[in-house]
Amino acid sequence: MAKSKTVFVCSECGYESGKWLGKCPACNSWNSFYEQKVVETKNNGFSQSNGKVVNPQSLNSYEAKETIRTHTGFNELDRVLGGGLVKGSLVLLGGEPGIGKSTLILQICDKIKDDGKVLYVSGEESAEQIKLRADRLGINNEDILFLGETNIELVNQAILNVNPKLVIIDSIQTMFSEEITAAAGSVSQVREITSQVMRVCKSKGITTIIIGHVTKEGNIAGPRVLEHMVDTVLYLEGERYFSYRILRGVKNRFGSTNEIGMFEMQDKGMCEITNPSDILISERDDNPAGSCVIATMEGTRPLLVELQALTSQTVFGYPRRAANGIDYNRLTLLIAVLEKKAGMMLNSQDVYLNVVSGLKVNEPAADLGIMMVTASSFKNVPIPKDMIILGEVGLTGEVRRINLIEKRLKEAEKLGFKSCLIPESNKKDLKDNYKLDIIGIRNVNEAMKKIGLK
Ligand code: TYD
Ligand code: MG
């Protein structure tokens, strides 16, 4: 009798190994391997030949069908999708538990502008729970059908019977297939289920949205292992204690992945934010030291965000640095440049830096803002409230060129800012006229003098 084969699979990223490993060499997670039987699936993709001899043809001889897009009812979501939900596509929506995925999707089921039924399959919540949520969101829609089922073979039958325009699978980790012995939520289960749903829905031209949880602990297979199979991958992100949510496109076969959508979780569900900069800087204090506004790019969209810094005398020998929303190492590097190139001695100061509203800023274009806001707190000199600060800073204290400067300036102008510090090299290339007072800066010392910090 043939020996049954097993492999060890990482539950985080799907890496396979012949033996058990403590640490995954692919994603570096610990203790994530579990043993699994090897299952051979016959058809895992789009074989169009059905066993006949295949005959490749010139690509030019094919005609591309026009993609039909449906308005989802949320402009922010349409933007991330590249102009609407493409008919027949498979979308994966990932995010941490409790972030608002089911809420957003239920609202889409109601608002989507397309004739036909929506089939909402939930393995997580009962019909009563979903109904309760729908009532709370003010949804009363005859076209939304509910199915509380976790067996994917039965779900597929229901899809074929109903032939809806949109299918929701909430969530992929709760579904299981009888063909596979592994537990629900394991890598082989989520892969098999996705390929089954894909086969059924693609053959009928039904649009599908699959919800997947992402957990830090990694005890269930995350959406990561599915990213290569689906057409579009979206992640809903946000901080637990802030109401803002960012919808980010990670992969999109029908559009760019440069776009984000902004939402706010309110008591009536998710609401889109059309003027994010306005909201992000609306709670600024009157003119305190240690606060400034920068313009950061999220994809192709400029966002104005407030940076805050606090410096205070170190009590113990070793000064503390804490960064919230920016990279810790970047902060320590910029403090070192401030010390060496601007002569600002911060070695007996604790430095705390915060990006207001729980956003994350990873761009070097925030460098000059971070340095100026730190210096402003240290000197107790406020930065003018209507000034915006842009620029990357090098190790010799020089202020370097940043990208997409025109978009950032336009956004600042729109929100009523009066002046802007930008890199001198950027200023030379500006074509449009601005109402802003644009001040070109070559190095950190020049910027400090302009603000009155030196
Ligand atoms: P949910 O959509 O269930 O999250 P997920 O499907 O991503 O796990 O959202 C759950 C949270 O959202 C819950 O903590 C309550 C909150 N919520 C609101 O703040 N307002 C609302 O209108 C709804 C329906 C939920
Ligand atoms: Mg949910």
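How much of α2 is buried, and why is α2 largely enclosed by the rest of the structure? 9 of its 11 residues are buried, so α2 is largely enclosed by the rest of the structure. The legends below concern a predicted model, in which local features need pLDDT of at least 70, side-chain atom pairs count only at pLDDT 80 or more, and totals for chains, interfaces and linings use all residues. Residues are numbered from 1 along each chain as its sequence is written, chains are lettered from A and ligands numbered from 1 in the order in which they are written, and side-chain values use heavy atoms, with hydrogens and water left out.

**Figure 1. Overview of the protein chain.** The chain has 11 helices and 23 strands (DSSP runs numbered from the N terminus: H or I of at least four residues for helices, E of at least two for strands). Its C-alpha trace spans about 80 × 55 × 50 Å along the principal axes. Of the 454 residues, 49% are buried (buried is under 20% relative accessible area, exposed over 50%, partly exposed in between, with a 1.4 Å probe and protein chains only).

**Figure 2. Helix α2 and the side chain of K101.** The buried residues of α2 are K101, S102, T103, L104, I105, L106, Q107, I108 and C109. K101 is buried without a salt bridge, and E124, the nearest side chain of opposite charge, is 6.9 Å away. A salt bridge requires a side-chain nitrogen of Lys or Arg within 4 Å of a carboxyl oxygen of Asp or Glu; for charge, Lys and Arg count as positive and Asp and Glu as negative, while His and the chain ends are not counted. The side chain of K101 does make a polar contact of 3.2 Å with that of H213 (N or O atoms within 3.5 Å; within protein, one must be able to donate a hydrogen and the other to accept it, and residues adjacent in sequence count only if both atoms are side-chain atoms).

**Figure 3. The largest cavity.** The structure holds 4 cavities of 30 Å³ or more, and the largest has about 80 Å³ of space. On a 1 Å grid over the protein atoms alone, a cavity is a set of points where a 1.4 Å probe fits but cannot get out, a pocket is an open set with protein on both sides within 12 Å along at least five of seven lines, and lining residues have an atom within 4 Å of a point. Points are joined across faces, edges and corners, and a volume is the space filled by probe spheres set on them. α1 (75-81), β6 (90-95) and α2 (101-111) each supply at least two lining residues, with the largest share, 3 residues, coming from α2. The lining includes L104, I105 and I108, together with T72, I209 and L247. By class it has 11 nonpolar, 1 polar and no charged residues (nonpolar: Ala, Val, Leu, Ile, Met, Phe, Trp, Tyr, Cys and Pro; charged: Asp, Glu, Lys and Arg; polar: the others, Gly among them).

**Figure 4. The second largest pocket.** This pocket has about 500 Å³ of space. Of its 15 lining residues, K65, E66, T67, K87 and F254 are the closest to its centre. The lining divides into 4 nonpolar, 5 polar and 6 charged residues.

Figure 5. The peptide bond from D170 to S171 is cis, with omega near -5°; S171 lies in the loop between β9 (166-170) and α5 (187-204). N28, not a glycine, has a positive phi of about 65° and sits in the loop between β2 (16-17) and β3 (33-37). N380 has phi near 60°, in the loop between α8 (367-379) and β19 (387-389). N28 counts as partly exposed at 47% relative accessibility, and N380 as exposed at 60%.
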